Amino acid sequence: MSHDHDHGHHSHGHHHHHISERLNKAFTIGIVVNLLYVVIEMSAGFWLNSLALISDAGHNFTDVISLILAMLAFKLASKPSNNQFTYGYRKSTILVSLTNSVILFIAIGAILWESIDRLNHPVELNGEWIAVTAGISILINGIKAFLFFKDQSRDLNVRGAYLHMLADAAVSVGVVISGLFIIWFKIYWIDLVTSLIIVVVIFYSTWHLFRDSLLLALDGVPSGIDIEDVTAAIGQVDGVETSHHLHVWAISTTQNAMTAHIVIASHSSMEQLAAIRQKIKEELNKLNI
């Protein structure tokens, strides 16, 4: 069964446009705010000699890169298909999402490396300033996470951005706590412990993103879709006898496609065939295909 993309596009066109406009705004705001904050936080980190602040700024900078990449992927995904790329450039969203997770892994490595270095050369830190700078960060990342909250279940890249912001807010909470510990108890190694906790938090969310992206890049069945459910959904349509050679894969981080060989009862007329086909499409739509 081939895919008829036309009717989908007319009805979804406007809706999709609305979402992408909202996301475009979210991405733009996120990028600008993030860049400004990275500059402030990086300067503060060097001035105060705080590893937690520098690693947070570094991580925030990887956010900027990943937001730019995700925005680029969205722009590419909406480009029409041509003779060379018959599916358009939608797959780029999957590659970006994979790249993003790799960038995050590199950021984690850098923070770890720096933390080990700190163990050998401990320094005195200014708790008040660290707490203040990180406090601003919680606010900023909270706002940014909220921008993506609405669409995060729809798309891996938006989920990536959302996870980034959420991880950042969590990280900043950690930095504030370590700043307060330094003020009250003069415990300087807490800065190091914070960086390590940050690493674990980021690693956990990144691992899932990496796994999902890799699955889609290798044309695996997207998570949330069960082949048996798909077969059952097709099988319960009146007039369908059997289906085989079923393939489900992701065209992009938001769109899934399916091809299958479907055997229809032999006495079906053209009208019945059209109706059966429409019904199958409706059933698949419910399953996000």
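The lining of the largest cavity is made up of 5 nonpolar, 5 polar and no charged residues (Ala, Val, Leu, Ile, Met, Phe, Trp, Tyr, Cys and Pro count as nonpolar, Asp, Glu, Lys and Arg as charged, and the others, Gly among them, as polar). This is a predicted model, in which local features need pLDDT of at least 70 and side-chain atom pairs count only at pLDDT 80 or more, while totals for chains, interfaces and linings use all residues. Numbering runs from 1 along each chain as its sequence is written, and side-chain values use heavy atoms, without hydrogens or water.

You will find 1 cavity of 30 Å³ or more here; a cavity is a set of points on a 1 Å grid over the protein atoms alone where a 1.4 Å probe fits but cannot get out, and its lining residues have an atom within 4 Å of a point. Grid points are joined across faces, edges and corners, and the volume is the space filled by probe spheres set on them. The largest cavity holds about 50 Å³. Helix 5 (156-185) and helix 6 (190-217) are the elements that give two or more residues to its lining (helices are DSSP runs of H or I with at least four residues, strands runs of E with at least two, numbered from the N terminus). Among the lining residues are His59, Leu104, His164 and Thr206.

Now turn to helix 7 (residues 227-235), where Val230, Ala233 and Ile234 are buried (under 20% relative accessible area, with a 1.4 Å probe and protein chains only). They lie on the same side of helix 7 because they cover an arc of only 95° around the axis, taken from the directions from the helix axis to the C-beta atoms.

Notes:
1 Å grid on protein atoms, 1.4 Å probe; cavity = no way out; pocket = protein on both sides within 12 Å on 5 of 7 lines; lining within 4 Å. Buried < 20%, exposed > 50% of the residue type's maximum accessible area, 1.4 Å probe, protein only.
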